[in-house]
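This report concerns salt bridges and backbone geometry in a predicted model. Please consult the sequence and the structure shown below alongside the text.

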Amino acid sequence: MWWYLAKRLLQSLATLFVVSFLAFFMSRISGSPVDALLPVDAGQEEADILIAEWGLDRPLPVQYLTFLGNALQGDLGEALKWRGQSALGLVLERLPATMTLAGAAILLGLVIAVPLGVISAVKKGTWIDRVAKVIALLGQSLPEFWLGIVLIWIIAVNLGWLPTSGTGGLSHLVLPAITLSTTLVAAITRLTRSAMLDALDSEFIKLCRVKGVRERRIIWVHALRNAVSVPLTYFGVLAGAILTRTVVIETVFAWPGTGSLVIEAVLGRDFAVVQAAMIVFVLVFIAANLFVDILYAVIDPRIRVE
Amino acid sequence: MSSKDQDTVLAVKELRTHLFTKMGVIKAVDGVTFDLKRGETLGIVGESGSGKSMTAMSLFRLLPSGGRTVSGSVNLEGEELLTKSESEMRRIRGRRMSMILQDPQSSLDPVFTVGAQLMEALRIQEPAPRKELRKRAVDILRSVNVADPERRVDSYPHQMSGGMKQRVVGGIAISGQPTVLVADEPTTALDVTIQSQYMNLLNEIKEATNLSIIFITHDMGIVASMCDRVMVMYSGRIVESGSVREIFNNPQHPYTKALMASVPTIDRKTERLFSIEGTPPPLWDLPEGCRFAPRCPVAMDRCMEEYPPTVSFVAPDEVSHEAACWLAGDIDHE
């Protein structure tokens, strides 16, 4: 077990290294931050001062090595747009809002998708199954930003049931969480359904019936525990994807999380913040997948490592 | 074989189970009648699709979706099962009537220990504290000859060999001390050595508990070594039944004869094994007359038009011998 964790940690470090490389070079494709930050009437001297101050006159590989060296010491640099603040500090300050939103979306998604998938497998071919199929189809195909705007328009503007945007109590969380959870609901419902159909068709379920086990226990204990590793695998991928999708959703709902910070940073060409956000996102993604792997072993003894 | 007293534990009459599919109605079990005596082992033989397993599942009222028993009677120790509610049936399954499924590799739930699965069965039969259930689970494992049962009770199925899993499945089947045990091709997935060990185990259990066993198989060798009586099924019907000795020595139905001819024997030198020409008719489009007629070497015009009546013979051992063939009785002489 410990050896396995150590191995995973090493793999994660390798991933982080690749990500740092991508984050560094990709954020420089968009152009120079100097143009974005200085007033339109600023002269070349002012620009040169900034360039020298940030070290942008040095060759790119040198800049990258400096960045990497600092990053290894936990310093992801100073924000360019929000002068005087550390990039990592800015990201971490906004992270709880994003995690709350993503967590709510994941929780909501699972609470809907797993039972829906199980029920549509058990009631295969009935109207419940068909409704679930339509829900999954819509969740998969509707663009999230569009769905978010439509929800705001109908539920917040016309009906006035929920606030349109911003943060506050639980009521502010509902619409963005629903919007963010749609893809998860769609994918997990379908995967749970097909995995449950397989599980329910297996010999050990037949044996349970021969033993006289109650149908409810057969479905929710025996079949589901065998089926759940399929949606769980995809859940590891989705958990990360949800984090990146917060970027869009937070903008639509003016949710003050890391996602909207990243948009501001990209528009302001603030590499430091973009890099910091990417690295933090990747860390969360790696943690989510490690958590999923551990869950696997808990659920299925065949995967447990010696 | 075992001591046979004459009381009937299971009486099946005119059982008809149909599968309602898109292709039409499949008459999987089409008027099956038989009795099972206490302590008796009845073999049901026939090729795949002959309705053996569907007959078994009909007894348990555990049919696949689309399957329904449309008529007939299943009487277990004087109680009609076909009119029972689902919760009453659940009380009968596992306790009074139990089953061993085909494949030991897949009939245990991979995510629970074998002990947990045994204890689950025991708890359904009679709720008891965990410690007590566990002790009984260990006892059952010991009784089916699982080595080191105290340790094995905490093993997962994937940590066991195929033979050991089959023993566990057997243990689960007898845990409720059932009156009737149905074994649906329980040895197909096992190698020959394990097979014979397992047969011995089943025989021991049978001797010890006076259990009645229905043995579904297509292995004539197993029938010869395990069963008292045999029923031969073809396309959803019983074509011949009788004592093992009679069926082997004096088969009446051409299908039974063909089955016997396809069993290799040690004293008959053959280049190639005999095989029956053709395939069974599709069950959704059965011929009007005898279902075996299209493949039968001695079929007459009449066989194609009319289903033959069941003819009874008085066999030397006084176990009734019946065959559904127009030629039954005089077929020997042709």
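Are Lys206(B) and Asp228(B) buried or exposed?

## A buried ion pair

Lys206(B) is buried, and Asp228(B) is buried as well. Both residues thus fall under the cut-off of 20% relative accessible area, because buried is defined by that value. These two side chains form a salt bridge in which the closest N and O atoms are 3.8 Å apart.

## Two partners of Arg16(B)

Side chains of opposite charge can pair when their charged atoms come close. Arg16(B) forms a salt bridge with Asp30(B), with 2.9 Å between the closest N and O atoms. The pair links distant parts of the chain, given that Arg16(B) is in strand E1 (residues 8–21) and Asp30(B) in strand E2 (residues 24–37) of chain B, 14 residues apart.

Arg16(B) also meets the side chain of Glu14(B) in a salt bridge, at 2.7 Å from N to O. The residues involved can be described by their accessibility. Asp30(B) counts as buried at 5% relative accessibility. Arg16(B) is partly exposed, its relative accessible area being 24%, and Glu14(B), at 40%, counts as partly exposed.

Over all chains, the count comes to 27 salt bridges. A network of salt bridges links Asp7(B), Arg38(B), Glu77(B), Glu79(B), Lys84(B) and Arg96(B).

Which loop contains Arg61(B)? Arg61(B) lies in the loop between helix H1 (52–60) and strand E4 (67–76) of chain B. Its phi is near 55°, a positive value in a residue other than glycine. Arg61(B) has a relative accessible area of 26% and is partly exposed.

Asn210(B) is not a glycine, yet has a positive phi of about 60°. Asn210(B) is found in the loop between helix H7 (192–209) and strand E8 (212–217) of chain B. With a relative accessible area of 27%, Asn210(B) is partly exposed.

Key
Residues are numbered from 1 along each chain as its sequence is written. Chains are lettered from A and ligands numbered from 1 in the order in which they are written. This is a predicted model: local features need pLDDT of at least 70, side-chain atom pairs count only at pLDDT 80 or more; totals for chains, interfaces and linings use all residues. Side-chain values use heavy atoms; hydrogens and water are left out. Helices (H or I, at least four residues) and strands (E, at least two) are DSSP runs, numbered from the N terminus. Buried means under 20% relative accessible area, exposed over 50%, partly exposed in between (1.4 Å probe, protein chains only). A salt bridge is a side-chain nitrogen of Lys or Arg within 4 Å of a carboxyl oxygen of Asp or Glu.
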